[in-house]
Amino acid sequence: MTGFQIPRNSLAWMLVAQIAVVLPHFPRLPYWTIALCIGCSLWRVMVFRGRWSYPGRWTKALLVLLGVIGLAFGYGTFLGLDPWVGLLIMMFMLKLIEMHHQRDAYIVILLGYFVALTQFLYNQGIPSSLYIYLCVTMITAALIGLNQTRTHLKPIQTFKKATVLLLQAMPLMIALFILFPRIAPLWTVPLQTDVARTGVGDTMTPGNIALLTQSDELAFRATFEGSAPVFSQLYWRGLVLSRLEGETWSQEDPGLYGRLARPNQPGPWQDNMTLLGDQVKYSVILEPTNRNFLFSLTMPEPISKEGVGLVRDFRFYSFRKIRSKLRYEVSSWLQYRSDVELSPFWRYRYTLLPESSNPRARQLSARLRAGSSDEMDYIRNVLRMYNLQEFVYTLSPPVLGSDSIDSFLLDSKRGFCEHYAGSFTFLMRAAGIPARVVVGYQGGEYNRIGNYVEVRQFDAHAWTEVWQPGQGWLRVDPTSAVAPERIESGLESAIDDEDSFLANLPLSWMKYRQTLWITEIRLQLSAIGHYWDSWVVGYTPGMQMSLLTRYLGDFDRQKLGLIMLLTFFSLLGIVAFIVLGKRSHKKLMAVDRNYLRYCHYLEKQGLPRQIGEGPEDFAGRVCALKPELAVVVNAVTDAYVEANYAANNPSDVRRLRRAIRGFRLKTLSI
Amino acid sequence: MADVTSAFTGSPRFQNWLNKRMPPASSVTLNQRNIFILPTREGLMFGLLIGFMILAGINYQNSLVFGMAFLLVSLLMVSILHTYRNLSGLTIVAGATHSAFAGEDAEYTVILNRLGARTYEALLLGWNPELLQGADLIEDEEVTLKLFVETSRRGRLNPGRMLIQTYYPVGLFRAWSWVDLDVSSIVYPRPIHAGAIPSSSAMSDEGELIQKEGVDDFFGLRTYQDGDPLNHVAWKSYARSEELLTKQFAALADRRVWLDWQFFTGVDTEARLGRLCFWVVQLDSSNDEYGLRLPGVEIHPGRGPAHREKVLTTLALFELGETGGYP
């Protein structure tokens with residue numbers, strides 16, 4: 001064991017960086033790691049102060065063993081990303097109290113960089129990224145501190161040096177980021193263990209969408225090519241629920257749908273589809289949902305995206321759960337006619353209701369159907385019922401018992417979109433009309449700065465699709481019969497008098513939509529976030545391909561590599577010029593600059609100024625060697641000395657310049 | 001930190017190449033001709049880390065992970081420039097040298113000088129790569145360093161090329177130079193304890209013998225110093241106070257001593273020189289006048305630092321010829 005003692009500057013930054021780097025991981029880590037982190041830091045400080053010694057070999061082994069067992073219990077598994085990140089962090093913390101050699105300190109620093117990196121696997125937002133770069137700067141400061149003289153005790157300067165280094169590295173990094181050939185994953189990696197994400201779920205039970213609308217989290221952003229459709233057209237379909245069990249609507253068994261449609265292999269059901277009107281093209285950046293469905297407007301075309309297909313009920317399904325931001329491009333026809341005929345099988349499935357549930361709703365249906373001339377008339381009558389009776393659109397409906405559709409339709413009459421969509425679909429099926437519930441988002445907020453529509457969790461919505469012979473599937477939104485302003489201008493205006501919009505989030509930006517300047521700032525920030533998501537986070541192999549093809553024309557990997565190296569080294573050359581350039585003279589005062597010019601002339605005359613030679617000594621030596629220059633040399637020297645030691649007076653510089661000019665004339669005349 | 005390159009620096013071909021590229025000079029300014037730069041083991045580890053990061057970026061298809069990996073690649077490249085910068089433009093000037101007795105460390109003064117606004121940090125320099133001395137030039141324009149070189153035997157020591165290196169700022173690269181400052185110092189023979197000076201050695205300028213051994217007039221007492229003749233120790237006073245004191249005699253100040261090669265028989269050259277060296281030190285500290293007689297050399301008695309240096313240098317270089325005993 002050598003007595004390696006880490007420099008103070010380095011240790012200070014190492015401890016600060018350690019806390020900073022581990023901090024954002026804490027919510028995911030078992031609580032005892034906080035104690036471990038603080039304990040290791042304290043221990044390290046005590047070692048530095050000479051109070052304690054490093055832990056012995058057995059203590060260390062015990063700590064590692066306890067840590068691994070603790071992690072195993074904390075996570076219950078060593079599969080997935082979280083436990084491995086936990087292990088990495090534990091190693092990072094324990095290595096802190098095992099720094100016998102300088103090499104150990106380097107390992108701590110390298111681990112620090114890696115721990116900082118793992119945060120990007122969880123959060124890719126701008127604030128989080130800025131924070132991580134701050135951490136990286138601190139780790140770099142620790143690295144610099146390690147190489148400084150022990151007497152150097154200015155941690156702020158060390159941090160500044162780290163900042164300079166990283167800022168100089170920045171342009172090179174950007175070049176690599178854009179040009180480094182991106183390739184597809186080499187092997188599948190263990191992904192994050194599922195975290196609960198706010199968002200539309202796989203099923204619909206009365207109350208769960210209302211709960212969702214308490215959140216202002218971003219669901220996705222959609223950028224339209226050309227202008228965005230009107231608000232009331234923005235029905236973002238997520239999934240289709242056609243099975244009712246108890247009071248829960250769920251998806252049909254996926255096996256029933258058959259093959260998914262892809263751009264090169266359309267589904268057979270796409271043949272009997274008529275697309276009308278204009279096509280709407282848009283790209284969506286979907287926030288991680290931990291689910292398999294993508295959102296789109298009807299009627300979408302299949303998209304070319306790895307592992308994503310169009311399901312028979314016109315929505316996208318991804319084979320892998322969406323665990324990181326996903327960007328996809330869709331084109332949809334807002335006007336369409338599909339499935340003019342429905343097979344008896346599907347007709348059966350779409351009219352199926354649980355045996356003997358909600359008897360009063362069935363009676364209501366029979367009564368209304370008897371008073372209607374045909375199915376379309378029946379649909380209108382049901383909607384009229386919602387509209388004319390005292391139905392209330394509310395975020396806080398009463399709790400309903402069993403046969404909830406009965407209680408809702410005939411007793412409480414207070415509900416949120418899922419109550420209306422669910423009960424409406426029930427009434428349709430009860431009358432033998434094929435119907436299904438669609439869950440997704442409705443509306444969004446148009447951001448004119450970034451020209452995109454931003455959809456948040458409180459835009460979650462449920463509606464119904466009914467099937468009519470010859471017309472196919474038609475969208476019917478029963479909520480619009482109760483609260484048309486929900487469809488026209490969003491949730492907030494629909495529940496305006498209730499004062500319950502984001503009631504649990506007193507500080508949400510969204511609550512201040514009426515305040516103009518707050519809205520302006522919010523839209524700006526959102527637009528910046530959107531550009532970040534589309535250009536930085538969303539810079540995928542495909543995106544790189546299309547961007548570079550636009551600017552470079554056709555290219556292959558070899559050409560790209562060459563361009564990358566050329567760009568990288570040209571930029572490095574510029575940085576070298578900045579780092580190594582003779583800027584030193586610029587920094588000097590005008591006086592010194594002029595004097596150095598004079599020294600330079602003399603050097604050309606074969607009279608270099610010696611190291612450490614003062615101006616007057618130098619002048620003396622020059623005068624002894626070249627007496628003919630004595631007058632002018634002394635003039636320059638006097639002017640310089642005076643300018644240097646007198647108060648900084650501009651006329652002094654002028655006098656020096658004049659003297660140097662005199663000196664030049666003299667030397668030229670000789 | 002591991003010295004990745006020192007393995008081949010000892011080879012004669014490399015030395016020849018170095019001598020051509022960087023001829024010995026008392027003042028050397030470092031530039032692209034004489035600075036070498038290579039990654040350290042930590043730099044290679046750092047590269048490996050970046051490799052893992054890029055792999056993580058590919059497998060997680062995470063742009064920000066790529067971004068950070070690329071930032072570290074760029075940091076690595078920029079650090080080459082900074083490490084190089086931390087040597088380039090630095091002027092190293094040879095200062096005074098101090099002689100040493102064989103077995104001691106010879107001292108060389110080296111002056112580091114910066115011109116202009118560029119600062120230098122965490123420079124390491126010295127002749128022994130195991131024991132480099134650190135220096136900063138941040139506020140000062142010039143620093144003076146005392147560097148030591150181990151000596152083993154007498155002669156003219158040319159310590160050869162001095163290593164100057166730096167890992168600053170990030171330790172991922174090592175920039176270094178081997179600078180030959182064209183300095184040398186005299187290494188005196190290692191003094192060998194030889195007891196009292198033979199009586200026959202004390203003689204007058206004219207070669208006339210002085211009868212007494214310089215014990216005539218008691219002058220005073222002073223603290224015992226290594227090398228004082230034991231018969232001059234005031235034993236009585238020692239018994240009283242346990243303090244070793246040496247009796248001083250007035251006659252000593254006047255004595256002129258010849259140190260002669262012929263004092264010894266049956267002893268080899270180095271042993272003779274070592275003993276002569278011992279007496280020189282003794283006589284000098286007691287401010288005696290002494291002369292030296294070696295085969296073919298005779299230095300008349302004298303005293304003072306210049307005389308001491310002349311005598312010791314003669315002893316150091318005796319029969320060594322041009323090379324000075326050190327390769």
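## Three domains in chain A

Let's start with how chain A is laid out. In this predicted model, chain A is split into three parts: domain 1 covers residues 8-179, domain 2 covers 208-516, and domain 3 covers 585-669.

## Where the two chains meet

Now look at the place where chain A touches chain B. Here 48 residues of chain A are in contact with 46 residues of chain B. Several helices of chain A each supply at least two residues to this side, including α5 (102-118), α6 (126-146), α17 (516-537) and α19 (557-580). Which helix gives the most? That is α7(A), with nine residues.

What kinds of residues make up the side of chain A that touches chain B? They divide into 33 nonpolar, 13 polar and two charged.

In soluble globular proteins, nonpolar side chains tend to be buried together. The largest nonpolar core here has 136 residues, and the members that touch the most others are A:Ile139, A:Ala142 and B:Val65. Helix α3 of chain B (residues 63-85) contributes the largest share of this core, 14 residues.

Setting aside its neighbours within four places in sequence, B:Val65 is in contact with A:Leu117 and A:Phe120 from chain A, and with B:Met53, B:Ala56, B:Gly57 and B:Tyr60 from chain B. There is also a second, separate core of 82 residues, and among its members are A:Ala219, A:Val284, A:Val330 and A:Phe408.

Most residues other than glycine have a negative phi, and most peptide bonds are trans. A few places in this model are worth a look with that in mind. The peptide bond from A:Thr298 to A:Met299 is cis, with omega near -10 degrees, and A:Met299 sits in the loop between β6 (293-294) and β7 (308-310) of chain A. In chain B, a cis peptide bond links B:Tyr168 to B:Pro169, with omega about 0 degrees; B:Pro169 belongs to the loop between β10 (162-166) and β11 (173-179) of chain B.

You will find A:Ser356 in the loop between α9 (344-349) and α10 (359-370) of chain A, while B:Glu319 is in the segment after α6 (305-317) of chain B. Are these residues buried or exposed? A:Ser356 counts as exposed because it has 8 C-beta neighbours inside 10 Å. B:Glu319, with 11 such neighbours inside 10 Å, counts as exposed too.

Terms used: Residues are numbered from 1 along each chain as its sequence is written. Chains are lettered from A and ligands numbered from 1 in the order in which they are written. This is a predicted model: local features need pLDDT of at least 70, side-chain atom pairs count only at pLDDT 80 or more; totals for chains, interfaces and linings use all residues. Domain bounds come from an automatic or database domain assignment. Two residues are in contact if their C-beta atoms, placed from the backbone, lie within 7 Å. Helices (H or I, at least four residues) and strands (E, at least two) are DSSP runs, numbered from the N terminus. Ala, Val, Leu, Ile, Met, Phe, Trp, Tyr, Cys and Pro count as nonpolar, Asp, Glu, Lys and Arg as charged, and the others, Gly among them, as polar. A nonpolar core is a set of buried Ala, Val, Leu, Ile, Met, Phe, Trp, Tyr and Cys residues joined through C-beta atoms within 7 Å. A residue is buried if 20 or more other C-beta atoms lie within 10 Å of its own, exposed if 12 or fewer, and partly exposed in between; C-beta atoms are placed from the backbone.
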